Amino acid sequence: MQVSTIGIDLAKNVFQVHGVDAQGKVVLMRQLRRKQVLEFFAKISSCLVGMEACATGHHWAREIGKLGHEVKLIPPSYVKPYVRRQKNDAADAAAICEAVTRPSMRFVPVKSVEQQATLAVHRARALLIGQRTQITNALRAHLAELGLVADEGRDGLASLISIVEEEATSQSLPIAMLQALRALISHRSEEHTSELHSQ
């Protein structure tokens with residue numbers, strides 16, 4: 001079996017593989033379990049391998065590339081026009097196999113582990129900041145419903161938090177709301193601490 005090009009539809013556990021020879025004739029259609037993927041590519045001759053640039057695409061591109069194959073990542077939206085029949089894993093693998101050979105196709109550069117680590121740090125930080133902002137807005141909104149309003153900025157927020165934390169003042173708040181607000185404040189403080197540690 002002389003495989004020239006392979007399209008692989010990535011998944012969590014079961015991967016669909018579609019391969020053609022140099023003339024474009026289909027010579028391979030099969031499923032692989034996760035643990036079989038590298039073993040399979042280690043046994044076949046070097047060829048062009050296409051896959052979508054999804055969550056695990058860069059990992060598999062690096063690992064399969066180490067085995068001597070030329071691996072190219074394709075944006076998922078660029079693969080869609082090549083799906084010729086009802087969408088399923090086999091059809092997606094066939095579409096990827098065809099798309100990767102197109103001269104005009106655009107590809108996504110394979111990221112290194114270090115590049116992905118840096119990206120993960122930025123995404124995690126953005127997520128934490130977003131969550132902290134959401135919690136801050138929720139605190140302000142809930143207290144405003146009871147007529148407790150403070151200035152914008154950190155000082156204003158600090159004054160609202162002190163209202164909740166001071167037992168003498170907080171006795172005027174309904175116990176259920178007090179518990180909810182304290183949970184939000186605690187969660188916000190934990191996220192703020194985690195963000196500082198990550199910097």
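How closely do the axes of helix α5 and helix α6 come, and at what angle do they cross? In this predicted model, local features need pLDDT of at least 70 and side-chain atom pairs count only at pLDDT 80 or more, while totals for chains, interfaces and linings use all residues. Residues are numbered from 1 along each chain as its sequence is written, and side-chain values use heavy atoms, without hydrogens and water.

The axes of α5 (residues 113-144) and α6 (residues 153-165) come within 11 Å and cross at roughly 60°. Axes are lines fitted to C-alpha atoms over the stretch in contact, with angles from 0 to 180 degrees between N-to-C directions; helices are DSSP runs (H or I, at least four residues) and strands likewise (E, at least two), numbered from the N terminus. The crossing is left-handed, the near helix being turned anticlockwise from the far one by less than a right angle. Contacts (heavy atoms within 4.5 Å) join Thr136, Leu139, Arg140 and Leu143 of α5 to Gly153, Gly156, Leu157, Leu160 and Val164 of α6. This contact has 5 nonpolar, 3 polar and 1 charged residues; Ala, Val, Leu, Ile, Met, Phe, Trp, Tyr, Cys and Pro count as nonpolar, Asp, Glu, Lys and Arg as charged, and the others, Gly among them, as polar.
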